Amino acid sequence: MSEKSIAERLRDLKIVVVVPTYNNEKTIGQVINSILEFTADIIVVNDGSTDSTSELLKTYANRIEIIEYASNKGKGNALTTGFKKALSSGFHYALTIDSDGQHYAKDIVNFVTEIEQHPDSFVVGSRLLQQANMDGGSSFANKFSNFWFTVQTGLKLPDTQTGFRLYPIALMGNMHLMTSRYEAELELLVRSAWDGIRIIPIPINVYYPKPEDRVSFFRP
């Protein structure tokens, strides 16, 4: 019997890739194309973009699932919107990738391998922050976030701010969050830990495009 392709393994595990985006016209196309090399099970949530993101997404309309709404509601809302669509479509896991071009889609293989070995876990990408060219404010925010996560859960994670994650959405139940913004990603980690879901960090590669090519709305 021939070895299964990564697309077949993703489908067997009922994994969909969820991509929240807001005004990432310069990178969203490249991000989608890189994911399509591994799977066509993609949900893009356009969080009220005001640039040409919506027009760009139209070129993918027959290949992937696209959710759009007029006003910006925050990354947390975009994530939960994508998760609810994924659940209603029969998926058990949601693999999230940021749309600013910092993640490498090839690392999807590592998430799949990890979840095959540890089903029903929450797998969190861990960046090599010393090599990530991260500015001082973001670095401090990540360290503080890691500290706060430990205070709340008694657990330690090397990177609580990364958006490259595999969520076991079928286990996570009610996803009515206290915040709709970037803090939602930390809240989802804390709530999962409180619910007894195993959280596993794995190393990922990261690339920060030139400032003029990257739009980030993270505020330390």
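Mentor: First a term: two strands pair if DSSP finds at least two bridges between them. Strands (E, at least two residues) and helices (H or I, at least four) are DSSP runs, numbered from the N terminus. This is a predicted model, where local features need pLDDT of at least 70 and side-chain atom pairs count only at pLDDT 80 or more, while totals for chains, interfaces and linings use all residues. Residues are numbered from 1 along each chain as its sequence is written, and side-chain values use heavy atoms, with hydrogens and water left out.

Trainee: Great. In what sense do β5 and β7 pair, parallel or antiparallel?
Mentor: Parallel, over six bridges. Within that pairing, V124 has P201 of β7 as its bridge partner.

Trainee: And what is the strand order in the open sheet?
Mentor: The order is β3-β2-β1-β4-β6-β5-β7, seven strands with mixed pairing. β3 (65-69) and β7 (199-204) each have a single partner strand, so one side of each has no neighbour in the sheet. On average, neighbouring strands are turned by 25° against each other, direction ignored.

Trainee: Which strands does helix α4 touch?
Mentor: Helix α4 (residues 75-88) packs on the sheet and touches β1, β2, β3, β4 and β6. Its direction makes about 145° with that of β2. Contact here means heavy atoms within 4.5 Å, and axes are lines fitted to C-alpha atoms, for helices over the stretch in contact, with angles from 0 to 180 degrees between N-to-C directions.

Trainee: Switching topic: is E185 buried or exposed?
Mentor: Buried, at a relative accessible area of 4%. The cut-offs are under 20% for buried, over 50% for exposed and partly exposed in between, with a 1.4 Å probe and protein chains only. E185 lies in helix α8 (residues 183-194).

Trainee: What does its side chain join up with?
Mentor: The side chain of K75, through a polar contact of 3.0 Å. That term means a pair of N or O atoms within 3.5 Å; within protein, one must be able to donate a hydrogen and the other to accept it, and residues adjacent in sequence count only if both atoms are side-chain atoms.
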